[in-house]
Amino acid sequence: MEQSAKSRHLHRGLSIIELMIALGLGVIIMLGVTTVATQNSAIRNELERTGRQIESAIYAMDVIERDVANAAFWGERGEIGPDVQPPICISDPNEAERSMGYTIQGGRGDFSCDGSTISPKANSDYIAIRRVSSCEILDTECEAAGNNMHLQVHACFDLTSALKPGDDFKIVVGTSGLDYLKRDCLTAAPIYRFINHVYYIDDNDTLKRLAMGENGNYGSPESLVENVEMMRFEYGLDVNRDAQVDDLVSAGLADPNDPDWGDVAMVRVKLVVRNHQQTSGFTDDRTYSLGGLSYTPTDTAFRRKLYTRTISPRNIIGRRENP
């Protein structure tokens, strides 16, 4: 009789109260798991957005740095002093020759290109960088000549000549008439494609690049990086031409016709880059300082960061260190 009662007690199951307690505990556990999973997902998404932002900023900086670092590469030609300042978008051999004395030229506001007005984002800077290609046009890895502008430097002179190797050069559209020789006076001197790149950001917060093409035309700008909200530059000027920075100016403060543009020996790039998506519950109420001016974002739901890089144009500095 006693064994039967015990058996019934062991097999009677859960009571309603016990079941409700178990369900309640299950709900609490599930809520905890869901909360943790949601938070982890949000953190993962935020890390992904921030990672993309950093990648965009690094790519933008690297593209500009490569051009600035190689500015004023003229093959066998040495440094040329500033003369009459060229337009931002040079389009013929005469303007190209003048631009060799202004290898880095900046500004803020509108500028003209291919007869049209280019309007960068308000209060952002643009920069023009001049050089020639680092490869000869006949090299297998170099771009074909076409009707681009090209530079050839004459290096064949005897000891009685008043000119020194590198003093004489030609810039032409195409390659016709480029017949200069190397120092051995036997081999054709190398021919380099002339490059003029102009960087700016548009009203859609996209970093763009204009590149001079055939016959001095630029065509449509190339979109490089999205979500670049602001771009400004500071320029270190080597006024004494001793490979040392004597003054620091920004494009918005410098006179656009100032010959000091021919003495740029350092460029400091400042970019404000934002995430590609908004962050829920986040408010960016900061003001960013760029090149002596401030920038306050209008859409505060995005995370963003200020990136800075200082670049030395090695061809300019190198020639002034070893005249």
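**Cavity and salt bridges in a predicted model**

The largest cavity holds about 90 Å³ of space. A cavity here is a set of points on a 1 Å grid over the protein atoms alone where a 1.4 Å probe fits but cannot get out, and lining residues have an atom within 4 Å of a point; a volume is the space filled by probe spheres set on the points, which are joined across faces, edges and corners. The largest cavity is lined by 15 residues, and those closest to its centre are Glu79, Gly101, Thr103, Gly262 and Ile316. Helix H4 (residues 314-321) contributes the most to this lining, with 3 residues; helices (H or I, at least four residues) and strands (E, at least two) are DSSP runs, numbered from the N terminus.

The structure is a predicted model, in which local features need pLDDT of at least 70, side-chain atom pairs count only at pLDDT 80 or more, and totals for chains, interfaces and linings use all residues. Residues are numbered from 1 along each chain as its sequence is written, and side-chain values use heavy atoms, with hydrogens and water left out.

There are 18 salt bridges, each a side-chain nitrogen of Lys or Arg within 4 Å of a carboxyl oxygen of Asp or Glu. In one of them, the closest N and O atoms of Glu229 and Arg274 are 3.0 Å apart. Glu229 lies in strand E10 (residues 228-237) and Arg274 in strand E12 (residues 264-274), so the pair ties together parts that are 45 residues apart in sequence. Salt bridges with shared partners join Lys121, Asp205, Glu229, Arg274, Asp284, Arg286 and Arg304 into one network.

Note on methods:
On a 1 Å grid over the protein atoms alone, a cavity is a set of points where a 1.4 Å probe fits but cannot get out, and a pocket is an open set with protein on both sides within 12 Å along at least five of seven lines; lining residues have an atom within 4 Å of a point.
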